[in-house]
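Have the view open as you read, and take the points in order.

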Amino acid sequence: MKILVAIKQVPMRDSQLRIAPSARWIDEDALNFEINEPDAYALEEALQLKEKHGGEVVVLCAGPERAGQTIREALAKGADRAIHLELDLNSLDTLGMARLLAHACAAEKADLILTGLQSDDLGSGQTGVVMAELMGVAHSTIIMQVEVNGSTLRVKRELENGWFQHIEMPLPAVLTIQSGLNKLRYATLMGIKKAKNKEVKKLTATELGGMPAAVVWTDKIYAPHKSKQSQIFEGDAKTAATQLVEKLKFEARVF
Amino acid sequence: MILVILEQQSERQNSQWHRMSWETLAAGQQLAAQLGVGLQAAVLGKSNSALLAELASKKIGHIWNVEHDLLERYTADGYASACQQLVEKIKPSVVLFPHTYQVRDFAPKLATRFSQVLISDVISARLDAGALVYVRQFFQGKLSGDIRANGTGPHFASIQAGAFRADALETSATAAPSEVFSPVMDATMIRQRPEAPFREAARAVDLTTAEIIVSVGRGIKEQSNIPVVEELAKALGAELAASRPICDAGWLPMERQVGSSGQTVAPKMYVAVGISGAIQHLVGMKGAKTIVAINKDANAPIFEVADYGIVGDLFEVVPALVDAVNKAKS
Ligand SMILES: Cc1cc2nc3c(=O)[nH]c(=O)nc-3n(C[C@H](O)[C@H](O)[C@H](O)COP(=O)(O)OP(=O)(O)OC[C@H]3O[C@@H](n4cnc5c(N)ncnc54)[C@H](O)[C@@H]3O)c2cc1C
């Protein structure tokens with residue numbers, strides 16, 4: 001079974017974000033980057049499916065040169081090879097991104113395509129679904145369990161408020177994976193060594209039919225407008241705690 | 001014209017409107033008024049008459065009952081096809097959805113069929129020089145951004161939970177006119193075979209009745225640190241709850257998860273410890289009367305809903321808080 005995993009590199013969780021002078025996006029200079037969290041779970045799921053059914057895991061990642069680091073880490077965890085669409089993501093919308101990814105996938109003829117259910121930076125939660133539509137294959141989202149039975153797939157999809165549902169569909173298919181469905185592995189020393197010799201094929205937008213024009217775009221980004229008046233206590237823990245308890249007792253009257 | 005696609009929860013509980021349907025309809029009313037255009041609404045699948053009567057009491061120009069046997073149970077393929085046919089027929093300039101898990105599953109597919117991008121999880125929208133500007137969040141609520149879409153449309157946008165108020169909905173004395181729309185569909189175009197929805201296990205803990213909840217997030221770092229917040233819960237006489245990553249990791253049982261996939265709570269006081277305040281968590285606790293946040297990041301989105309907050313390291317703040325609570329109570 002050939003499994004493709006689309007992963008994205010995003011700023012590390014808990015990064016201090018600063019808005020770039022253009023106000024179009026954040027200032028990326030001082031940031032460290034890591035694999036998008038749900039994508040890490042998608043990769044893990046692919047590796048586990050390969051262990052069960054055999055085959056190949058191919059990582060697909062669009063991003064600038066720095067994304068190469070995240071690709072190496074995925075190879076070190078056990079992916080067999082990678083495709084790096086080396087480009088700047090900022091001028092692309094979801095449709096454009098999915099077009100390039102779908103284009104790159106087409107030549108691979110994968111049985112299963114996995115990706116995270118959303119990216120931690122943009123959070124639009126659509127790339128996988130749009131890829132499926134462009135490729136003409138079935139899809140399902142917010143997946144918590146994947147079972148492959150020959151040419152069909154049985155997945156557990158998360159619904160709201162603690163409900164779930166099983167869904168069957170034919171392969172090939174695209175699934176968007178929810179964080180937490182498996183236990184992430186660490187790369188072994190051996191894995192890191194082996195990764196150095198694994199193939200990373202670089203593709204440019206030109207080779208994939210050119211940079212698609214955006215139909216939606218971000219005009220500017222800014223700190224959220226605060227709608228609620230909150231009382232914030234800073235400084236040493238003891239004083240802040242005492243002040244807070246005072247308020248809780250005499251203002252909010254919770255005890 | 002603006003078209004709002006509504007959602008029902010017929011499969012799970014007794015048939016009822018998804019709460020976010022009303023919020024999205026309110027968004028539709030407000031945007032339609034700003035743009036000076038009409039508002040229509042659509043509901044897919046068979047609806048019972050009580051639900052339709054409730055819908056018809058709202059101020060809506062026209063209601064479409066999109067009916068087909070193949071829409072009885074939700075599938076992405078079925079819903080995308082039915083909505084596509086309706087949009088092609090009535091040609092709205094804007095299509096709005098509630099940003100539910102179901103909408104995440106099919107609306108991007110639908111938008112793609114019109115070479116458009118779903119503007120997802122929108123928190124507000126405004127008219128600027130004749131064009132709509134949509135506001136959505138980035139980095140799980142840490143930043144906001146203005147989004148524009150090219151003029152040709154239709155635009156597709158999904159509305160975040162709680163962004164518009166359902167109680168702002170305008171009603172109408174006369175029932176809104178409705179019409180059945182029967183899309184052309186056959187079974188071969190639906191590839192997903194959904195089974196009946198289920199719940200994992202009976203809930204032993206009912207957080208909804210708790211007066212005070214202390215909730216812990218990833219800021220706690222390790223399972224062995226959980227007693228730090230347990231102490232606070234004990235001092236306050238509170239139930240312990242958690243954000244999703246804590247339950248995913250098995251540090252606390254699933255049934256203690258608060259949020260869109262877990263429980264929705266509205267206690268007298270909710271104390272969020274080391275929780276960033278992603279929307280999927282906020283929807284589960286925004287209704288608490290008093291919200292207290294403890295977080296080392298002054299810009300964490302949780303502070304936007306907090307009544308009181310302490311910016312600081314929870315490993316210093318929480319023990320100090322336990323002392324202060326015990327003192328205040330004795
Ligand atoms: C479809 C879907 C459904 C979801 N359902 C849910 C759900 O039901 N419930 C839910 O909670 N989430 C849900 N999520 C996940 C959600 O988006 C967030 O990822 C999650 O809520 C983050 O949890 P957190 O705040 O604990 O972790 P993080 O976002 O990692 O935040 C940790 C916080 O701790 C702070 N911190 C770190 N160290 C310290 C310290 N020493 N002292 C003080 N503060 C510190 C950091 O500043 C940060 O703000 C869902 C996501 C999706 C896509």
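Predicted model: local features only at pLDDT ≥ 70, side-chain atom pairs only at ≥ 80, totals over all residues.

1. Chain B holds nine helices and 16 strands. Its radius of gyration is 22 Å, close to the 20 Å that the globule rule gives for 330 residues, so chain B is as compact as a globular protein of that length. The C-alpha trace of chain B spans about 65 × 45 × 40 Å along its principal axes.

2. Now for the surface. In chain B, 61% of the 330 residues count as buried.

3. Next, look for an open sheet of 10 strands with mixed pairing, in the order β12(A)-β7(B)-β6(B)-β5(B)-β8(B)-β4(B)-β1(B)-β2(B)-β3(B)-β9(B). At the edges stand β12 (216–222) of chain A and β9 (178–181) of chain B; each has a single partner strand, so one side of each is left without a neighbour in the sheet. From one strand to the next, the twist averages 35°.

4. Within this sheet, β1 (residues 2–6) and β2 (residues 39–44) of chain B pair in the parallel sense over five bridges. Here L3(B) stands opposite Q40(B) in β2(B). Helix α1 (residues 19–35) of chain B packs on the sheet, and the strands of chain B that α1 touches are β1, β2, β4 (94–98), β5 (118–128), β6 (131–138) and β8 (155–159). The direction of α1(B) makes about 180° with that of β1(B).

Key: Residues numbered from 1 in each chain as written. Chains lettered and ligands numbered in written order. Heavy atoms only, no water. Pairing = 2+ DSSP bridges. Helix = DSSP H or I, 4+ residues; strand = E, 2+ residues; numbered from the N terminus. Axes fitted to C-alpha atoms, helices over the stretch in contact; angles between N-to-C directions. Contact = heavy atoms within 4.5 Å. Rg over C-alpha atoms; globule rule 2.2 N^0.38 Å. Buried < 20%, exposed > 50% of the residue type's maximum accessible area, 1.4 Å probe, protein only.
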